[in-house]
Amino acid sequence: MASRTSKTSTASPVGGSSKNKPSDKLNPKTIDPFNKKQVAKSNFAVEYNNGNIPCRLNHGSVKHKLEWKVDIAQVPFDPILILLASGLPETSHPYTFLSETGFRELLEQPDAARKINQQVPQLLESLSNVVHESLNVHLKSIMQQLAKKSTDRKLKERIMDVLQVLEQNGGKDALVAIKSKIPTYTPLIC
């Protein structure tokens with residue numbers, strides 16, 4: 001009996017060939033789960049992926065829940081609350097849900113005020129970074145609108161006040177965005 005040889009392709013089914021498939025047009029933003037090049041945005045994401053945060057996402061049929069691996073009253077505020085605060089600027093799932101919900105649930109604990117006293121300086125630094133990152137994402141569209149109105153003499157003083165507040169709260173990135181759209185702006189800190 002002669003043996004049959006089958007013609008099989010050795011190309012990987014996920015992104016293995018350089019040709020575009022017709023199905024690629026239907027869902028062009030499909031995420032490749034085998035892609036190792038996805039980089040975590042924050043320290044929170046890295047620590048969560050390493051299993052250093054004692055919670056996990058419980059996918060319910062209707063609503064997601066945060067499930068703590070230990071009793072939430074026993075969760076140490078020292079590293080965990082700061083890590084959760086550093087994850088607040090995350091924009092990808094599940095990190096957004098985990099950081100926001102975990103941060104809120106820890107602060108809702110009855111003895112949270114006592115536990116948080118030691119972490120206030122670290123927490124303020126982490127939260128100010130969150131504000132800077134969140135604000136800077138929207139600066140381009142804000143600056144376009146302010147640049148259009150900056151020639152109006154009636155609004156010029158108000159616009160300069162807004163630009164100063166943006167510079168103070170947005171840091172160096174905000175100043176770069178301001179100067180790119182309104183080159184005549186004089187920075188507060190030279």
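Contact here means heavy atoms within 4.5 Å of each other. Keep that in mind as you click through this tour.

**Before you start**

This is a predicted model, in which local features need pLDDT of at least 70 and side-chain atom pairs count only at pLDDT 80 or more, while totals for chains, interfaces and linings use all residues. Residues are numbered from 1 along each chain as its sequence is written, and side-chain values use heavy atoms, with hydrogens and water left out.

**Stop 1: the whole chain**

Show the chain as a cartoon. You will find 8 helices and 2 strands; helices (H or I, at least four residues) and strands (E, at least two) are DSSP runs, numbered from the N terminus. Read from the N terminus on, their order is α-α-β-β-α-α-α-α-α-α. Of the 190 residues, 31% count as buried, where buried means under 20% relative accessible area, exposed over 50% and partly exposed in between (1.4 Å probe, protein chains only). Among contacts with a separation of 6 or more, 58% are between residues 24 or more positions apart.

**Stop 2: E105 and W68**

Select E105, which lies in helix α4. Leaving aside residues up to four places away in sequence, E105 touches L66, W68 and I72. Draw a distance from E105 to L66: the two are 39 residues apart in sequence, and 9.1 Å apart in space, C-alpha to C-alpha.

**Stop 3: the largest nonpolar core**

Which residues have the most contacts inside the largest nonpolar core? They are W68 and L106, in a core of 26 residues. A nonpolar core is a set of buried Ala, Val, Leu, Ile, Met, Phe, Trp, Tyr and Cys residues joined through side-chain atoms within 4.5 Å. Colour these elements, each of which supplies at least two residues of this core: α2 (43-49), β1 (55-59), β2 (64-68), α3 (77-86), α4 (95-107), α5 (112-116) and α6 (120-137). The most comes from α3, with 7 residues.

**Stop 4: α3 against α4**

Keep α3 and α4 on screen. Their axes come within 8 Å and cross at roughly 135 degrees; axes are lines fitted to C-alpha atoms, for helices over the stretch in contact, and angles run from 0 to 180 degrees between N-to-C directions. That makes α3 oblique to α4, since angles under 35 degrees count as roughly parallel, over 145 as roughly antiparallel, 65 to 115 as roughly perpendicular and the rest as oblique. The crossing of α3 and α4 is left-handed, meaning that the near helix is turned anticlockwise from the far one by less than a right angle (right-handed if clockwise).

Show side chains next: F77, I80, L81, L84 and A85 in α3 meet L98, S99, G102, F103, L106 and L107 in α4. By class, the residues of this contact are 9 nonpolar, 2 polar and no charged. Ala, Val, Leu, Ile, Met, Phe, Trp, Tyr, Cys and Pro count as nonpolar, Asp, Glu, Lys and Arg as charged, and the others, Gly among them, as polar.

**Stop 5: the loop between them**

Go to P94, in the loop between α3 and α4. What kind of peptide bond joins H93 and P94? A cis one, with omega about 5 degrees. Most peptide bonds are trans.

**Stop 6: S126**

Select S126 in helix α6. S126 is buried, with a relative accessible area of 10%. Beyond residues up to four places away in sequence, S126 touches I82, A85 and S86. From S126 to L88, 38 residues apart along the chain, the C-alpha separation is 9.3 Å.

**Stop 7**

Finish at I178, found in helix α8 (residues 156-181). I178 counts as buried, at 0% relative accessibility. Apart from residues up to four places away in sequence, I178 touches M143, L163, L166, E167 and Y185.

Helix α7 (residues 139-149) packs with α8 at an angle of about 125 degrees, their axes 11 Å apart. The two helices are therefore oblique to each other, and α7 passes α8 in a left-handed crossing.
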